[in-house]
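Have a look at the sequence and the structure first, and then read on.

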Amino acid sequence: MTKAEQELIEGLQRQDPKAQCLTLQRYGKVIFAQMARLVPGKENAEELYQDVFVKAFTHIGQYDETRSSLRTWLSRIAYNAAVDWLRHQRQPVVYFEDREGKAEALSDQEVDETLGHPNAETVQLIRAALKHLPPEERAVITMFYYEEMSLKEIAFVTGSIPTTIASKLSRTRKKLCRIIKMLQS
């Protein structure tokens, strides 16, 4: 941990408004983007974004620098807030289910060709396909690709272990590839 990060955390622990403002400047965009990818509607993302930082500033004493970076800890709070919010929604949501096992049958090479070096059209297809994934799967994909988190960081955020995240990521990438193929046809 850098000296600047240590000073920031100490400021947050003192409830220093300058430290809180700096935290919002450093991590606000990342956390808002995470919320916007997980919950529908900008208003919902904004409300949850605010809740995340209120909770973080209130519970900064629970932050353990030996377990994660501040950014990863904030992502965990955001992930849990989004998943809780989605679970409490009364709206029925239908996600892609691969009953025939066609996604699992895809080779890693085929998945890499589809998702590896996306062009503008593929990026749009990926965005559309993400909407067909359950929140937990969508979160793993977005943390890995958009936020460039390591498997260890994603495991911390989701309360899992890196090997489980690696398996989930592999299955979800195949599922995402299958959804893209369906959207293209």
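Let's begin with a pair of helices: H7 and H8 cross in a right-handed way, where right-handed means that the near helix is turned clockwise from the far one by less than a right angle, and left-handed that it is turned anticlockwise. Before going further, please note that this is a predicted model, in which local features need pLDDT of at least 70, side-chain atom pairs count only at pLDDT 80 or more, and totals for chains, interfaces and linings use all residues. Residues are numbered from 1 along each chain as its sequence is written, and side-chain values use heavy atoms, with hydrogens and water left out.

**H7 and its partner**

The axes of H7 and helix H8 (residues 151–158) come within 10 Å and cross at roughly 145°; axes are lines fitted to C-alpha atoms, for helices over the stretch in contact, and angles run from 0 to 180 degrees between N-to-C directions. On the H7 side, Val-140, Met-143 and Phe-144 meet Leu-151, Ile-154, Val-157 and Thr-158 of H8, a contact being heavy atoms within 4.5 Å. The residues of this contact divide into 6 nonpolar, 1 polar and no charged. Here Ala, Val, Leu, Ile, Met, Phe, Trp, Tyr, Cys and Pro count as nonpolar, Asp, Glu, Lys and Arg as charged, and the others, Gly among them, as polar.

Why is H7 (residues 135–145) described as largely enclosed by the rest of the structure? It is because 8 of its 11 residues are buried, that is, under 20% relative accessible area, with exposed meaning over 50% and partly exposed in between (1.4 Å probe, protein chains only). The buried residues include Glu-137 and Arg-138 as well as Val-140 and Met-143.

**The whole protein**

The protein has 9 helices and 0 strands, both taken from DSSP runs (helices H or I, at least four residues; strands E, at least two) and numbered from the N terminus. Of the 185 residues, 41% count as buried. Among contacts between residues at least 6 apart in sequence, 67% join residues at least 24 apart. The accessible surface comes to about 10,900 Å², of which 50% belongs to carbon and sulfur atoms, as computed by the Shrake-Rupley method with a 1.4 Å probe.

**H2 against H4**

Helix H2 (residues 17–38) and helix H4 (residues 70–87) pack at about 30°, with their axes 10 Å apart. They are therefore roughly parallel to each other, a label for angles under 35 degrees, while over 145 counts as roughly antiparallel, 65 to 115 as roughly perpendicular and the rest as oblique. Their crossing is right-handed, and the residues of the contact divide into 12 nonpolar, 3 polar and 1 charged. Among the H2 residues that take part are Ile-31 and Gln-34, and among those of H4 is Ser-75.

At 0% relative accessibility, Ser-75 counts as buried. Not counting residues up to four places away in sequence, Ser-75 touches Ile-31, Gln-34, Glu-147, Met-149 and Val-157.
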